[in-house]
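The exercises below concern one protein chain and ask for its architecture to be worked out step by step. Please consult the sequence and the structure shown here before reading each solution.

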Amino acid sequence: PPPRRPRDKRRAVLAALEKGDAPAAMRALVDELAPRPLAREQLGARFPLGAEALRKVAESLSHKGEITAIKGHGWIARARFLELAQKARALVAEQHRRAPLDRGLALETLRQKLGAIAGPEAAEAATRRGHAISRR
């Protein structure tokens with residue numbers, strides 16, 4: 001069975017949709033699905049606000065840094081995405097601590113562990129972000 005969503009998050013989505021408040025609806029949708037991302041395909045015609053309007057709002061919120069775009073897939077709550085990137089760094093650090101002479105944690109293993117938390121698309125984006133941070 002699919003995981004149960006907290007009712008208060010579902011109510012926030014419904015309230016925003018009822019008001020026709022696209023930015024609040026997008027924030028609530030992304031928050032409701034956390035730690036998994038909201039896929040573009042999930043916008044569909046099931047909401048009183050059009051999918052295209054929600055997409056535009058999502059892109060705007062992403063540019064403002066309120067949510068994070070996952071290239072080619074959708075959006076995730078910024079805080080959840082940062083937590084996922086931090087989890088990636090923690091997993092790599094733990095592997096290094098346990099086996100300092102090994103080459104490190106295999107990228108595919110890291111993606112699998114993060115994917116179990118937030119799905120493969122978010123895991124891929126988080127590993128890319130963690131890699132970009134570690135190269136600075």
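For the helix packing treated below, axes are lines fitted to C-alpha atoms over the stretch in contact, and angles between N-to-C directions run from 0 to 180 degrees. The model is predicted.

**Exercise 1. Overall layout**

Task: State how many helices and strands the protein has, and in which pattern they follow along the sequence.

Solution. Step 1: the protein holds six helices and three strands. Step 2: along the sequence, these elements follow the pattern α-α-β-α-β-β-α-α-α. Step 3: the protein has 136 residues, of which 36% count as buried. Step 4: among contacts with a separation of 6 or more, 55% come from residues 24 or more positions apart.

**Exercise 2. The packing of α2 and α3**

Task: Determine how α2 and α3 are oriented to each other, and which residues meet.

Solution. Step 1: α2 covers residues 22-33 and α3 covers residues 51-64; the two helices pack at an angle of about 75°, with axes 9 Å apart. Step 2: angles of 65 to 115 degrees count as roughly perpendicular. Step 3: α2 is therefore roughly perpendicular to α3. Step 4: on the α2 side, the contact is formed by Ala22, Pro23, Ala25, Met26 and Arg27, which meet Leu54, Val57, Ala58 and Leu61 of α3. Step 5: sorted by class, this contact has eight nonpolar residues, no polar ones and one charged residue.

**Exercise 3. The packing of α1 and α2**

Task: Determine the relative direction of α1 and α2, and describe the residues at their contact.

Solution. Step 1: α1, residues 7-19, packs with α2 at an angle of about 160°, and the axes are 8 Å apart. Step 2: angles over 145 degrees count as roughly antiparallel. Step 3: α1 and α2 are therefore roughly antiparallel to each other. Step 4: the crossing of α1 past α2 is left-handed. Step 5: Lys9, Arg10, Ala12, Val13, Ala16 and Leu17 of α1 meet Ala24, Ala25, Ala28, Leu29, Asp31 and Glu32 of α2. Step 6: by class, the contact of α1 with α2 has eight nonpolar, no polar and four charged residues.

**Exercise 4. Two alanines in loops**

Task: Locate alanine 34 and alanine 106, and classify the accessibility of each.

Solution. Step 2: the peptide bond leading from alanine 34 to proline 35 is cis, with omega near 10°. Step 3: alanine 34 counts as buried because its relative accessibility is 17%. Step 4: 43 residues separate alanine 34 from alanine 77 along the chain, and their C-alpha atoms are separated by 6.5 Å.

Step 1: alanine 106 is in the loop between α4 (78-98) and α5 (107-118). Step 6: with 40% relative accessibility, alanine 106 counts as partly exposed. Step 7: the C-alpha atoms of alanine 106 and valine 92 are separated by 9.0 Å, the two residues being 14 residues apart along the chain.

Technical notes
Residues numbered from 1 in each chain as written. Predicted model: local features only at pLDDT ≥ 70, side-chain atom pairs only at ≥ 80, totals over all residues. Heavy atoms only, no water. Helix = DSSP H or I, 4+ residues; strand = E, 2+ residues; numbered from the N terminus. Parallel < 35°, antiparallel > 145°, perpendicular 65-115°, else oblique. Contact = heavy atoms within 4.5 Å. Nonpolar A, V, L, I, M, F, W, Y, C, P; charged D, E, K, R; others polar. Left-handed = near helix turned anticlockwise from the far one by under 90°. Buried < 20%, exposed > 50% of the residue type's maximum accessible area, 1.4 Å probe, protein only.
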